[in-house]
Amino acid sequence: MSRHFDLVVIGAGSGGVRAARMASTYGAKVAIIEEYRLGGTCVIRGCVPKKLFVLASRYPEQFEVAQSFGWSFGEPEFDWSTLLANKDKEIDRLEGIYGNILGGANVEIIRDRGVVTGPNSVKLAKAGEELSAERILIATGGRPFVPSIPGAEMGITSNEAFHLQKLPKKILVNGGGYIAVEFAGIFAGLGVETTLLYRGDQILRGFDHDVREMVAQQMKDRGVDIKLGAEISRMDRCASGNIDVSFSTGEVVEFGEVMFATGRIPNIEGLGLESADVKLNAGRAIHVDAYS
């Protein structure tokens with residue numbers, strides 16, 4: 001006989017953790033299923049590690065300013081592996097806090113992949129166990145979108161950017177949104193020769209015009225080469241081990257890494273949503289009402 005819960009949450013990111021904890025505090029019997037790590041995009045692959053990288057990338061400017069205030073020191077040196085190790089320590093700490101919060105609220109944490117098998121049932125992919133639930137909450141968030149370009153598998157996304165074994169000497173960041181802009185600033189600040197590619201006429205589409213112009217100019221002042229009105233046609237591995245990027249303009253440039261920051265898509269594949277007749281909208285996201 002399957003175990004029964006009032007609420008089963010699939011996905012232990014910020015939304016899933018909050019929902020599970022609050023439901024449990026109101027007396028519900030709750031289980032939360034997570035196949036990777038507690039914390040979701042923000043803690044593991046987004047806001048937290050990215051802001052740590054942003055802080056690291058700003059120090060060169062701070063060293064320069066400090067000298068004008070009378071501070072003197074030897075030539076600063078940056079070690080990428082140290083930043084990665086300390087970033088991982090902070091993520092481990094935060095994941096532990098999420099686990100303690102859930103445990104303190106009597107939420108059962110299940111380290112597995114949850115697949116919906118019906119309106120009131122979820123199967124654990126690894127354990128093979130099926131759970132029943134009065135309510136099922138899908139809180140699996142999104143993942144980076146990679147365009148269909150020949151050779152695109154050679155590139156990275158924000159997920160892999162936090163785990164690079166070494167910094168490239170030269171990188172192309174494809175995208176014009178705030179994620180692309182932030183990462184371009186990070187890499188440039190850490191000494192990487194950085195190009196930001198966007199197909200439109202200016203970065204940060206949807207923002208006020210004066211903000212877009214100001215940010216673009218500040219990025220250029222920081223050493224970022226902004227390439228507008230062009231797209232990647234194809235990517236090929238060259239003899240050096242780097243990537244030859246062919247642009248729609250006909251230009252071919254060699255880069256050590258190519259990062260796609262071209263938006264995010266709902267993370268719903270393989271969840272079995274069709275078995276519960278879950279409806280999706282035009283963007284392949286779960287359709288919700290005004291109160292969801």
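In this predicted model, four strands form an open sheet in the order β10-β9-β8-β14, and their pairing is parallel. Strands β10 (225–228) and β14 (257–260) stand at the edges. Each has a single partner strand, so one side of each is left without a neighbour in the sheet. Neighbouring strands of the sheet are turned against each other by 20 degrees on average, direction ignored.

Strands β8 and β9 are one of the pairs. Strand β8 covers residues 170–174, and strand β9 covers residues 193–198. The two run in the parallel sense and are joined over 5 bridges. Val 173 has Leu 196 of β9 as its bridge partner. In general, strands of a sheet pair through backbone hydrogen bonds.

Helix α6, residues 178–189, packs on this sheet. The helix touches β8, β9 and β14. Its direction makes about 165 degrees with that of β9. The length of α6 fits expectation: at 1.5 Å a residue, its 12 residues should span 16 Å, and the end C-alpha atoms are 16 Å apart, which agrees.

Helix α6 is mostly covered, with 9 of its 12 residues buried. Among the buried residues are Phe 183, Ile 186 and Phe 187. Val 181 is also buried, as are Ala 180, Ala 184 and Ala 188. Two glycines, Gly 185 and Gly 189, complete the buried set. The buried residues of α6 pack against strands β8, β9 and β14. They also pack against helices α3 (47–68), α5 (158–161) and α7 (209–221). After α6 comes Gly 191, with a positive phi near 95 degrees.

Definitions and conventions
Residues numbered from 1 in each chain as written. Predicted model: local features only at pLDDT ≥ 70, side-chain atom pairs only at ≥ 80, totals over all residues. Heavy atoms only, no water. Pairing = 2+ DSSP bridges. Axes fitted to C-alpha atoms, helices over the stretch in contact; angles between N-to-C directions. Contact = heavy atoms within 4.5 Å. Expected span 1.5 Å × (residues − 1). Buried < 20%, exposed > 50% of the residue type's maximum accessible area, 1.4 Å probe, protein only.
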